Structure formats: structure tokens, C-alpha cells
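Work through these exercises with the structure open beside you. Try each task before you read its solution.

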Amino acid sequence: MRILVTGGAGFIGSHLVRRLIQSGRHSVVNLDALKYSGNLENLADLAGHPQYAFVQADICDQKAVHATLQTHRIEGIINCAAETHVDRSILDPGAFARTDVVGTGILLEEARQAGVQRFLQVSTDEVYGSVEQGSSTEGDRLEPRSPYSASKAGGDLLVLSYWTTYRFPVVVTRGSNTYGPNQYPEKFIPLFATNAIDGEPLPLYGDGRQCRDWLSVYDHAAGIQHVFEQGEPGTVYNVGGGNERENITVAEQIVATLGKSRSLIRFVEDRPGHDRRYSIDCRRLRALGWSPQVSFEEGLKQTVEWYRTHERWWRTIKSGEFKDYYQQQYAKRLQQGTACGL
Ligand code: DAU
């Protein structure tokens, strides 16, 4: 199929684009606005590949989306383009509503009018909200609690309404916390790994006992491709790694892998509205034939090693726009934070 992947220069998007092309079943047009976290270096190995093309555009730009669908005779769409960082959504919520709701709506409507045969929306387990006990299934109520997850929930509902209303063949994936190479270092694992490499403090929010289900980016990309190729139209699929860990445990694993001191960990002021736990039930996708292959302990070690051996990649990022963001998000927190006991 000729597939348009939006946000293909980002973290999950770039791994997905590579995987789709390597499967030998698809050609890919990558449409990416190249905002702060989009990075063409993530796909440098595909430059000039006959099954790959790049278009720089925003999913909110209706004309550019329309022209791309026509020019490349697109048959399927996977929407990875999104504002994704919860902390940034607290600082600037408007950007999230624009891209994750309005942008998704523009892409969806252009896709319907162009007669696209398949539309996959990449979403998140955060739309279910904080789950104190048990695991969320796809039919559960959406109870998003941050501007980020609320925007993603809005996008999901819009996409699903196109199946109900127009029988437009959409599918939605809701992935859990994803980690791996090329993740922008604002996120927990790459931030902690790169700070630890530099001997800088690791800002752990609140009591550090929040729980996330970690999913390798390789398993996540495989899950998205599986749903794209085999999912039932109008259906949501949870994609989780089955690796629930408390943040403090992951922070300790990162410092241990790098041979650094646990005293780098600082307890700092919590994220407002911080969700305590996410947990998803993935039986529906497993029944379709997908299961995660990467063990968290092995995947985390390899990821930390990737950051250790790709300093140029993340130092370029950390010396740019990121510095202002880091200052705004962490300066006061780190001043007031308390060190973790040895
Ligand atoms: O669950 C899927 C979601 O996972 C995705 O939809 C989001 O795009 C992605 O950002 C991620 O959301 P989280 O908020 O869970 O990820 P983040 O890496 O920001 O944080 C993971 C946990 O670590 C969370 O409990 C907050 C905590 N944390 C994070 C940062 C950046 C800290 O304690 N300190 C930090 O500096």
C-alpha cells in the first residue's frame, strides 16, 4: 500500500516508517512539520530509498495535506503526528488542542474525501486516565486528566465517529509508555539517561511511586503495523508492553546500568494532576496475533547504551530550544528538591 505516515520524523513515527519499508509490503510518504521534536536524522538511513519520500508540512495545513494525498495517490494513513509531552501540555495547552484535535480532524476529512482505504490513529493509554486497580479495556470510559490526554481523547473520538457516521475504515491504537533509541530527551527514560551520563541530577516527580507500563518502540511499531494490516474497521486496540514499573525502580535501573550513584536522584515537586498508574488489557490485540517481544530489562539496557554511544544526537538537541524548556520546567524544582538516600 502507498501509506502516508504523519509525524514520521519523530520517535515512534521514524521507527514505524523504517519498519513498514523493511517489511517490503509498503511504500511510505512521511509528512512531518519538523517542529521541535521532529528530526530527519532519525531517518537518515532511508534518504534516497525508492519506497520513501518526505514532505515537510503540518497536519493542520489543509491545502498541503490535500495536495500530498493527491500527488502521491495515498491509499492508507497512519497518524503519528502529535504534541505528546504532558509537562509541555501543562505549560502550553493550546498547541495540543490545535494539533491533536484540529489537525487530526483536518487529516481525517481530507482522507475521507480522497477515498483513502484505511486510517489508523496512533493514540495513548493516557486517555483512560489514572487506573488505581485492574487494567483498562478498549470499551472503558475515557477519563483523561491532562490537556495532553484530553486532546488525544478528542482526536480518538473524532476518528471513531467517522466509522459510525460514514463507515470510513478507521482503526485506533492506544499504546503504553514507549521507550527506545531516538526518543526526544524531554521524556523520562532519555532525560534520566542523558542527565546521568553527565552526572546531572535526575528530577523524580513526587514520591516516585507512579507506575507506567513500558513498551519497546520496536514492539509498538510492530503493533501499529499489525493493526493497520489486520485490525477490524471501527475498532480500538490497546498496545502495552506488560512491564509495569514504578518510576523510582526505573531511575535506579538507569543509574545502575551506567555505573552512576543513586544519589543523583532528586525528589522534586510533582507534576500537577500527575496520573498515578496506567495499565491496559491487551487481549484484543494478542488475539489478532501480536505480542511484545522485548523484555524490559534487556530493552532498557540497550536503550541506555544507545544514548551512551549517540552523544552527538542528543547533545545537539539539549544545547538548543531544549535548554529554555529545561530551565522553565526544572530550575526551581531542582533548587528545592531533596536527594534520594544512598
Ligand atoms: O502512556 C503513554 C504516554 O506515555 C504517551 O502517550 C505520552 O506521549 C508519553 O509522554 C508518556 O507519558 P508520561 O507522562 O507517562 O511520560 P513521561 O516520560 O513524561 O513520564 C513518565 C513518568 O515519569 C511519569 O510518571 C512522570 C515521571 N517523570 C517524568 C519526567 C519527564 C519524572 O518523575 N520526572 C521527569 O522529569
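**Exercise 1. Find the side-chain partner of Arg277 and describe where Arg277 sits.**

Step 1. The side chains of Arg277 and Ser279 are joined by a polar contact of 3.3 Å. A polar contact is a pair of N or O atoms within 3.5 Å; within protein, one must be able to donate a hydrogen and the other to accept it, and residues adjacent in sequence count only if both atoms are side-chain atoms.

Step 2. Locate Arg277 in the loop between β12 and α9 (283–287). Helices (H or I, at least four residues) and strands (E, at least two) are DSSP runs, numbered from the N terminus.

Step 3. Arg277 counts as buried because its relative accessibility is 17%. Buried means under 20% relative accessible area, exposed over 50%, and partly exposed in between (1.4 Å probe, protein chains only).

Step 4. Leave aside neighbours within four places in sequence. Arg277 then has contacts (heavy atoms within 4.5 Å) that include Glu132, Cys211, Arg212 and Glu244.

A note on the source: this is a predicted model, in which local features need pLDDT of at least 70 and side-chain atom pairs count only at pLDDT 80 or more, while totals for chains, interfaces and linings use all residues. Residues are numbered from 1 along each chain as its sequence is written, and side-chain values use heavy atoms, with hydrogens and water left out.

**Exercise 2. Decide which residues of α2 are buried, and which elements cover them.**

Step 1. Helix α2 spans residues 62–71, and its buried residues are Ala64, Val65, Thr68 and Leu69.

Step 2. They lie on the same side of α2, because they cover an arc of only 130° around the axis. The arc is that of the directions from the helix axis to the C-beta atoms.

Step 3. Recall the helix rule. An α-helix has 3.6 residues a turn, so residues three or four places apart point the same way.

Step 4. Turn to the face away from the buried side: Lys63 and Thr71 are exposed there.

Step 5. The cover over the buried residues includes β1 (2–6), β2 (27–32), β3 (52–56), β4 (76–79) and α4 (93–113).

Step 6. Go past the helix. Arg73 follows α2 and has a positive phi, near 45°.

**Exercise 3. Name the residues with the most contacts inside the largest nonpolar core.**

Step 1. This core has 35 residues, and Phe188, Ile189, Phe192, Val250 and Ile254 have the most contacts inside it. A nonpolar core is a set of buried Ala, Val, Leu, Ile, Met, Phe, Trp, Tyr and Cys residues joined through side-chain atoms within 4.5 Å.

Step 2. Among the elements giving two or more residues to this core are α6 (188–197), β8 (202–205) and α8 (247–258). α6 gives the most, with seven residues.

Step 3. Check Ile189. Beyond its neighbours within four places in sequence, Ile189 is in contact with residues including Trp214, Val250, Ile254 and Leu300.

Step 4. A second, separate core of 29 residues includes Ala64, Val65, Ala153 and Phe168.
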